[in-house]
Structures are given as C-alpha cells and as structure tokens.
Amino acid sequence: TLIYNTYMNKEALVREIDQLLAKDKAKFLNNLKADISNYVSNRSCAECLTIVENGYRWEPSDALDGYIPRFISFIRGRKYNGKELDSALTERIVSITTSSYNEHVQIHSTAIVKPVLEELLNNKEVIESLAAQIVDKWKGTISVVLRKKLIAILVHKIEESISDNIVHASSSAVSTICSKVVAVAVSIPISKSIAILLAKNMAIMLKGVIAKVLASATFKTMMATMVKKFVAAKIIAIVISLIGAKMAGISIGWVLAPLIIAFIAYEINTLPRKMAEKISTAVVEELSGKFTSLNHNVSTSIASELCSAALTTYLSDVANDTSMRDLLN
C-alpha cells in the first residue's frame, strides 16, 4: 500500500502549481474585463438597475409597486425586511468570472503534469511498484528470475525516461508530450516512449482531478462570495454617483419615483456603457489583487485531491495501458 505523504512533497508541489497558474495573468484579466464589459454594455438601462430579492426581480417599472423601498435599501447596503438584496447583474458577472478562471486553470492543466510526475516518481518504491505492476500484466508464464530481471530493467528505463524527458524538459515541452498520440515504434527510444505513456496517463488523471476541484461547492462558493461582494459595492457606488448622493437620504417612495424615472429616461443610452467600464475595471482590479491567493487555494486543492487512491489508480492505468504492454513485449 502506498502512503500519500511518503512519496509526495505536497508543499513543493503546491509551489510549482502556483507558479504555473501565475502565468498569463495579464492575458486572463484583459479577456475577463472585455467579457464583463461586453455583457453589461449590452444590458438595458432598466436591467442595470433591477434588484433581485430571493430570486424575484424588482424592476424600475415597478417604481410605485415595491421597487423604490428596495432600491433605497440596496443603495444603502441594507437588507429589506430582513431579506438580502442584489443587483440583477451580479449572478451573470459571477458566472463569467468563474468560467474565465476555470478556463485559465484548464489551459495550464497539462503543464501541471511535469511537477506531479517529478514528485510522484522521485521515489524508488513507487517506480518499483509501477514496474512490478507492468510486468505482472505480462500475458504468459515467466520465471521468478526473469520477472525480477524485467522489473530491474524497467525501473532503470522509467528512471531514465523521467530524467531525460521530464525533469530536464520545460513545462511546455511536457505539455506537448501529453498531447501526442501514443504509438510505440522501433524508431522511438524506449525511454521516450515510456515518458509519453507516463505523461499521457497523468494528463488524463489530472484533467479529472482539476475538473473535480473547479466543480466543488467550496470553490464555487468562494468565487461567488468574492465576486458578489465587490460587484454589489461598485454598482451601489456608481448609482449613487450618477443619480446624486442626496437621494440616498430620501425615504419617501413617491418623491424618489419621479427622480428614478427621469434618471432612466436621461441615462437610457449611456448608463449601461458607464457601468460596463466601471464594473469590469473593478472586478479586474479586485481579482488582480486576489489572484495569488486564489491560485494558491486551487493549487492546494489539486494537491490534496492527489491522494493515495488517485495515484494508485494512476499507476494501475499505466500498467494496463496497451501501449505499455506492447512496449514490454
């Protein structure tokens, strides 16, 4: 039985994944800003000012039928009759942000193969276990002496493949190996063939691990909580700055209603654009500051998911790979 902490340096692995996820930060943030800005700018003025309460939407057209008191509570950052209020824009912005970040992580997923393989196969016992499993898949009867000899040769070849093709290769080079269609041929060195098989199966396993992390309730809640907080705050600030700070002190609905209606009529063509620029900028600035901690949370989750069961299954998958059996033959 393989014990997780005996063959994986979790802290070192997390640091490696952190560094990989930190790449292309500017590209990710620029694309995210454009996506959010495009979404908000294509909303109507009324949509930009719609309030959501327990799933029910209160629109400006309901100015004299419940919208105004909720709008007042919203821009004051308060609940209404004990119920939470939010902008109708928030949910979709959270979705856009989460999807963009998920895509960012997935893009770098194959590069994560390198540090995981290095950590996993840095242990002689793991390599020997893998070699033994591969040899035991041999179809036919072999002597104890031949089995022992085959395992020793295979251990050497696995160590050679890791040293020559993984450790000394860049993350992008390992990513290229992962994408190759495996077809063991006499023209390919055995160590190279083994490296391709190890990387390919690791990429498959990691894809599932990363998908599980990004789909977890913990990750989704963390993203939603973080994005909602500053999106709502920015929308409140924008509305107050555009309508006028004094309106925040108005509590009589029939006084505020004409002001809101007049404001929407005046800003009908410009408000979405103004909010698009301010909200997208706010989201990107906030995420830029939290990018390192966000990546670290994801890296830690990925490393934690690489438990003994997952990695033991990986070794079994490599041993059962038809190309590996062909190579052994």
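Buried means under 20% relative accessible area, exposed over 50%, and partly exposed in between, with a 1.4 Å probe and protein chains only. The model is predicted, so local features need pLDDT of at least 70 and side-chain atom pairs count only at pLDDT 80 or more, while totals for chains, interfaces and linings use all residues. Residues are numbered from 1 along each chain as its sequence is written, and side-chain values use heavy atoms, with hydrogens and water left out.

View 1. Helices (H or I, at least four residues) and strands (E, at least two) are DSSP runs, numbered from the N terminus. Of the 329 residues in the chain, 47% are buried. Contact means heavy atoms within 4.5 Å; among contacts with a separation of 6 or more, 81% join residues 24 or more positions apart.

**View 2. Leu315 in helix H15.** The helix covers residues 308–320. Leu315 counts as buried because its relative accessibility is 1%. Other buried residues of H15 include Ala310, Leu311, Tyr314 and Val318. Ile134 is 181 residues from Leu315 in sequence, yet their C-alpha atoms are 9.0 Å apart. The expected span of a helix is 1.5 Å times one less than its number of residues; for the 13 residues of H15 this gives 18 Å, in agreement with the 18 Å between its end C-alpha atoms.

**View 3. The largest nonpolar core, of 101 residues.** Such a core is a set of buried Ala, Val, Leu, Ile, Met, Phe, Trp, Tyr and Cys residues joined through side-chain atoms within 4.5 Å. Ile93, Tyr101 and Leu198 touch the most other members. Helix H11 (residues 190–215) gives the largest share of this core, 13 residues.

View 4. Beyond its neighbours within four places in sequence, Tyr101 is in contact with residues including Leu21, Met223, Leu294 and Val298. Rings of Phe, Tyr and Trp (its six-membered ring) pair if their centres lie within 6.5 Å; planes under 30 degrees apart count as stacked, over 60 as edge-to-face and the rest as tilted. The structure holds six aromatic pairs. Phe28 and Tyr101 form an edge-to-face pair, with 6.0 Å between centres and 75° between planes. This pair links distant parts of the chain, from Phe28 in helix H3 (residues 25–41) to Tyr101 in helix H6 (residues 90–107), 73 residues apart. Both residues, Phe28 and Tyr101, are buried.
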